[in-house]
Amino acid sequence: MANLTGGFASLQCAGAMHVDKGHMQASGLPFLSFRRCAQLDISRLGSMPRFMGARSTCVSQQHVRHRVSAIRASALSSLQDDTTKFFDFVVIGSGVAGLRYALEVSKHGSVAIITKAEPHESNTNYAQGGVSAVLCPSDSVESHMKDTIVAGAYLCDEETVRVVCTEGPERVKELIAMGASFDHGEDGRLHLAREGGHSHNRIVHSADMTGREIERALLQAVDNDDNISLFGHHFAIDLLTCQKNGESYCYGVDSIDIETQKVVRFISKVTLLASGGAGHIYPTTTNPPVATGDGIAMCHRAQAVISNMEFVQFHPTALSDEGLPIKPTTKRENAFLITEAVRGDGGILYNQSMERFMPLYDDRAELAPRDVVARSIDDQLKKRGESYVLLDISHRPRDKVLAHFPNIAAECLRHGLDITRQPIPVVPAAHYMCGGVRAGLQGETNVKGLYVAGEVACTGLHGANRLASNSLLEALVFARRAVQPSIDHMVDAADDADAGADGAPLAARWARPTLPSAAALGGGSALSEIVARTRRTRAELQAVMWEFVGIVRSTARLKRAEWRIGDMEAEWEQFLFRRGWAPTMVGVEACEMRNLFCCAKLVVKSALARRESRGLHFTEDFPYLEESRRKPTVIFPDAVQELTWSSKPLQRQLQCK
């Protein structure tokens, strides 16, 4: 069972971790060891990739052209081939965390950024609201901290909150120096917006497309850095790990080059995982199609500690296509987000009878934190039997609305709705994982050489509910904080005789994954049958998660979800192997399915462990806060892996000298 432990100090100070009694003493991740790991009843967890010939879907839009196909020469170029590549640093993910980190460590060594689709296709690119930071004289770090902790239902780690709120303004100034363009007021100063849960105007933004602007500026800087090589359309399969002196070490990652259909191995001294969240465990999410929990699942299989997975943030206001005058002709792959800033700018929520309802639920009304607003909307929909509510900003001056929310206005107008005259139909959608891979104050994990930043990480900042616009801030701060320890580890790893001077002896130790072929599967129809079955299974999993592990939960529904997911996963695996799938085979859709199963089960297990309602986790059986349970949920590595294909890494963990 997942454990509730007290605080994040175990990742931030020296000592050792002990889990004999389900709690943790102060420890530092660089010296973390697991004497006897708590047992977690999670079977058949996993992560495996789209089948032969499939392509990642990307959103078409204007972006900087990137030199993805022509990888730059480096000092290691003589060692590279098309299936094994050697770098000082490997970054998995091309959102704000991965790009910002890469730009810093590239001053000290060669860097590979591998990303699942196009470089711009990340959660960062879809972030509308902005970056929260204390940049106004009337604001203060203490106020930002208080807002963060209150929104996080007092589960936040106070030291982490202080670090992020204190260092945040400098990180924003660095973005501006790198060319990111943010909105300014008539006085020439940065225009600072306000969003739900914030007591001050402190949201730095670029209209309602802030993430896109940050992504543009960072990708431009990466494109100009000759020490960074960017590999698009590379799907990460599993981390390459080994055991040494009782501790786990990471030496890179295996990936699928989706365009060439080859397995490419990246060997590195340091790996940063910045792969985003797992929104697609649900059928409706604001996340792009790439957000299938790959990083969290890979880390779980690599024996990393996972924390707070029960806290899935549902954004209260995603555009409801059902309520639009002109319905989209095709189903969206991800819901269109209506930013929190609309409510921050005076937007009012009504039910379909045009009755304002938020004051009935919370004194802060529309400016209440996201968990409160999402549950309030959910309650209205269930009581009234309606499928969406209305968010009205039409009472604000037309020119202001169009200036602040041009992207939202344009999208709605495409479907016959003028937001300056009509309310916007909205509905909650899965949005952000507050839990993830447990990280210390420098982004370190319990796996040596493996660092995490961004949504994939659980740093303790968000607690039980993320405060609006704190996600980009956290990514920037932790990407920067992970730099120096990464450089130090890189220098130490350079003296590691086990890896050899060129890394080649280590690279050859792990058996290589294989791609499926018609011949290997006994005929062409088997592959198409596997693809079709996997897509059906994915939709079934998402439906179970929405029905039983949604905004409002209960023990009975969570247990039903646990049983259904376990059976569903077992049946899917059995189907694959009956059709000739081998344990060493990989394909994007199969690997995504493994990862979705893994993350879904981690969410369910963590939710069952928390016997109270706190923040984003609301359960009818335990509807109140329990002070004794104000602790993170922590999932430790299993001492014994289940002997199933989905629950263990494709590559067996080696024993290194």
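A polar contact here is a pair of N or O atoms within 3.5 Å; within protein, one must be able to donate a hydrogen and the other to accept it. Keep in mind that this is a predicted model.

Start with E213. This residue sits in helix α5, which spans residues 210–223. The side chain of E213 makes a polar contact with the side chain of R216, at 2.8 Å. Is E213 buried or exposed? Its relative accessibility is 13%. Buried means under 20% relative accessible area, so E213 counts as buried. Set aside the neighbours within four places in sequence, and E213 is in contact with G179, A180, S181 and S206.

Stay with α5 and look at its helix partner. Helix α1 (residues 96–105) packs against α5 at an angle of about 30°, and the axes are 10 Å apart. Angles under 35 degrees count as roughly parallel, so α1 and α5 are roughly parallel to each other. The crossing of α1 past α5 is left-handed. On the α1 side, V96, L99, R100 and L103 make the contact. On the α5 side, the contact is made by I214, E215, L218, L219, A221 and V222. An α-helix has 3.6 residues a turn, so residues three or four places apart point the same way.

Helix α16 (residues 555–578) and helix α17 (residues 588–609) pack with their axes 10 Å apart, at an angle of about 155°. Angles over 145 degrees count as roughly antiparallel, so α16 and α17 are roughly antiparallel to each other. Their crossing is left-handed. From α16, the contact is made by T555, L558, K559, A561, E562, I565, M568, E569 and W572. From α17, it is made by A590, M593, R594, F597, A600, K601, V604, K605, A607 and L608.

Three strands form an open sheet in the order β4-β6-β5, and the pairing is antiparallel. Which strands stand at the edges? They are β4 (131–132) and β5 (192–193). Each has a single partner strand, so one side of each is left without a neighbour in the sheet. Strand β6 covers residues 203–204, and β5 pairs with β6 in the antiparallel sense over two bridges. L192 stands opposite V204 in β6.

The loop between β5 and β6 holds H198. H198 is buried, with a relative accessible area of 2%. What does the side chain of H198 reach? It comes to 2.7 Å from the backbone oxygen of A468. The H198 side chain also makes a polar contact with the side chain of R202, at 3.0 Å. Beyond its neighbours within four places in sequence, H198 is in contact with S132, H144, D147, I203, L467 and A468.

Strand β8 (residues 234–244) pairs with β9 in the antiparallel sense over nine bridges. F235 stands opposite I256 in β9. The two strands form a hairpin with two residues between them. In that turn, N245 has a positive phi of about 55°. On to the next pairing: β9 and strand β10 (residues 262–273) are antiparallel, over six bridges. Here I256 stands opposite V263 in β10. This hairpin has four residues between the strands, and Q261 takes a positive phi near 55°. How many of the residues of β9 (residues 247–257) are buried? Eleven of the eleven are, so β9 is largely enclosed by the rest of the structure.

Two further elements are also covered. Strand β12 (residues 312–319) has eight of its eight residues buried. It pairs with strand β15 (residues 424–433) in the antiparallel sense over six bridges. The bridge partner of H315 in β15 is A429. Helix α6 (residues 294–301) has eight of its eight residues buried, so α6 is largely enclosed by the rest of the structure. The buried residues of α6 are D294, G295, I296, A297, M298, C299, H300 and R301. Just after α6, Q303 takes a positive phi of about 75°.

Methods: Residues numbered from 1 in each chain as written. Predicted model: local features only at pLDDT ≥ 70, side-chain atom pairs only at ≥ 80, totals over all residues. Heavy atoms only, no water. Pairing = 2+ DSSP bridges. Buried < 20%, exposed > 50% of the residue type's maximum accessible area, 1.4 Å probe, protein only. Contact = heavy atoms within 4.5 Å. Axes fitted to C-alpha atoms, helices over the stretch in contact; angles between N-to-C directions. Parallel < 35°, antiparallel > 145°, perpendicular 65-115°, else oblique. Left-handed = near helix turned anticlockwise from the far one by under 90°.
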